[in-house]
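Biologist: Please take a close look at one part of this model. I would like a connected account of it and of what lies around it.

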Amino acid sequence: MAKRYAFVHNEVCVACGACENVCPRAAVKVWRGCMARVDEGLCVGCGICARECPAGAIDIRNRVEERFDSHCSPERAASGACPMCSQLASSPYKDKMF
Ligand code: SF4
Ligand code: SF4
């Protein structure tokens, strides 16, 4: 799976379909005319949709950051209690997340 993926801010999306039209992977679709939805399994995080979106509704996010940002802390990493925190402590994203 790619390291990055497109994240749609639903509250900003105006369902114009521009992202769907340009995605080379058919990974984003406008769902029931309401908002864009991304299939994270197909998305490779190329950013083409984000550049095309007239509403600025799409961020390209890093899957590693997303996995870790909900609970990790330096304390948990130091204690060794959490394998995810320990992984983050040695990752290139450490400075961004701790
Ligand atoms: S980041 Fe690329 S692959 Fe993912 S939805 Fe956007 S255009 Fe498609
Ligand atoms: S291009 Fe932007 S505003 Fe248009 S459907 Fe896609 S995410 Fe929504």
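Which cavity is the space taken by ligand 2?

Modeller: The model is predicted. In it, ligand 2 takes up the space of the second largest cavity. The shell of ligand 2 is made up of 14 residues. Those closest to ligand 2 are Cys13, Cys16, Gly17, Cys19 and Cys53. Sorted by class, this shell holds 13 nonpolar residues and 1 polar residue, while charged residues are absent.

Next, the backbone at Ala15. Ala15 is not a glycine, yet its phi is positive, about 60°. For context, most residues other than glycine have a negative phi. Ala15 belongs to the loop that runs between strand S1 (4-8) and helix H1 (18-22). Its relative accessible area is 22%, so Ala15 is partly exposed; the cut-off for buried is under 20%.

Arg32 sits in the loop between strand S2 (28-31) and strand S3 (35-38). With a relative accessibility of 69%, Arg32 counts as exposed, because exposed means over 50%.

Technical notes: Residues numbered from 1 in each chain as written. Chains lettered and ligands numbered in written order. Predicted model: local features only at pLDDT ≥ 70, side-chain atom pairs only at ≥ 80, totals over all residues. Heavy atoms only, no water. Near = heavy atom within 4 Å. 1 Å grid on protein atoms, 1.4 Å probe; cavity = no way out; pocket = protein on both sides within 12 Å on 5 of 7 lines; lining within 4 Å. Sits in = over half its atoms within 2 Å of the grid points. Nonpolar A, V, L, I, M, F, W, Y, C, P; charged D, E, K, R; others polar. Helix = DSSP H or I, 4+ residues; strand = E, 2+ residues; numbered from the N terminus. Buried < 20%, exposed > 50% of the residue type's maximum accessible area, 1.4 Å probe, protein only.
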